[in-house]
Amino acid sequence: MNRRLYLFPHPDDELAVLADWRRHHLAGLPSAAIWMHSTPAREAESRAVLDRCDLADVPVRFLAGADAHLHDEIPSLRARLADVIASFRPDVVYAPAFDHGHVDHDTTRLLAQLAWSGPITEYPLYFAYDRRIQTLHRFADPRGEQRIALSPEERTLKIRAARGYPSQTIWRILYWYSLIHGALLHPRYLGHTERYRHGLPIDPTRPSIGGPRGARIAETAAWQRWRAAVEKAHPEPRRSLH
């Protein structure tokens, strides 16, 4: 799978895949990236981070969808994404997991499935709607995940990159999250690995997390907004050909 297309909901979400993406690029393999939301300031921050990580010459697009409202733009974003896919012709699309941490994350995962019929590789951001403090850098269901260990150089690179978004709170969130979990004797070494898994087709009408927690997620305001937008858009998710 040499031609990779990375889909990111927002500028700074590329932190989840930055080291492996850089390895792929430095090996001379083709990639491209699309951000579903952007502003001029956030686009400039992501471009600067890519430049510092040797990714400045990768083709990128920023679609400027509305932050926290990508689900209201499913038809138009699907069409624009399909055009990029037809032009770039990826072998695999990378997209965030359908883990209900942010409606824009779930929308980006659904768009990958609607606009692309080939293999999808998922990466985790955070989950889930039913908790005030969410779980970062983990899949809600870790079965089938692959972990890529990062070198000391790559860890340093990711730390520097995380500080490269001054318009956002991402660095403070990562710092305090790691500090609190360390104090609780449950350290989370967020910069030591990157995680991926083979993406299976999703059902956008049901939470991917089952059991009592899935029931709680289905009752949240975020999920209700998501379901209303999905029903309005009438998407018909296509099964990925894995």
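A helix crossing counts as left-handed if the near helix is turned anticlockwise from the far one by less than a right angle, and as right-handed if clockwise. This is a predicted model, where local features need pLDDT of at least 70, side-chain atom pairs count only at pLDDT 80 or more, and totals for chains, interfaces and linings use all residues. Residues are numbered from 1 along each chain as its sequence is written, and side-chain values use heavy atoms, with hydrogens and water left out.

Now to the helices (DSSP runs of H or I, at least four residues, numbered from the N terminus). H4 passes H8 in a right-handed crossing. On the H4 side, Val 103, Asp 106, Thr 107 and Leu 110 touch Ala 222, Arg 225, Trp 226 and Val 230 of H8 (contact means heavy atoms within 4.5 Å). That set splits into 5 nonpolar, 1 polar and 2 charged residues.

On to the pockets (open sets of points on a 1 Å grid over the protein atoms alone, where a 1.4 Å probe fits, with protein on both sides within 12 Å along at least five of seven lines; lining residues have an atom within 4 Å of a point).

| Pocket | Volume | Lining by class |
|---|---|---|
| Largest | About 1100 Å³ | 22 nonpolar, 12 polar, 8 charged residues |

Volume here is the space filled by probe spheres set on the points. In the largest pocket, 42 residues form the lining, and Leu 136, Ile 170, Ile 173, Leu 174 and Leu 190 are the closest to its centre. H6 gives the most to this largest pocket's lining, with 13 residues.

Note on methods. Helices (H or I, at least four residues) and strands (E, at least two) are DSSP runs, numbered from the N terminus. Ala, Val, Leu, Ile, Met, Phe, Trp, Tyr, Cys and Pro count as nonpolar, Asp, Glu, Lys and Arg as charged, and the others, Gly among them, as polar.
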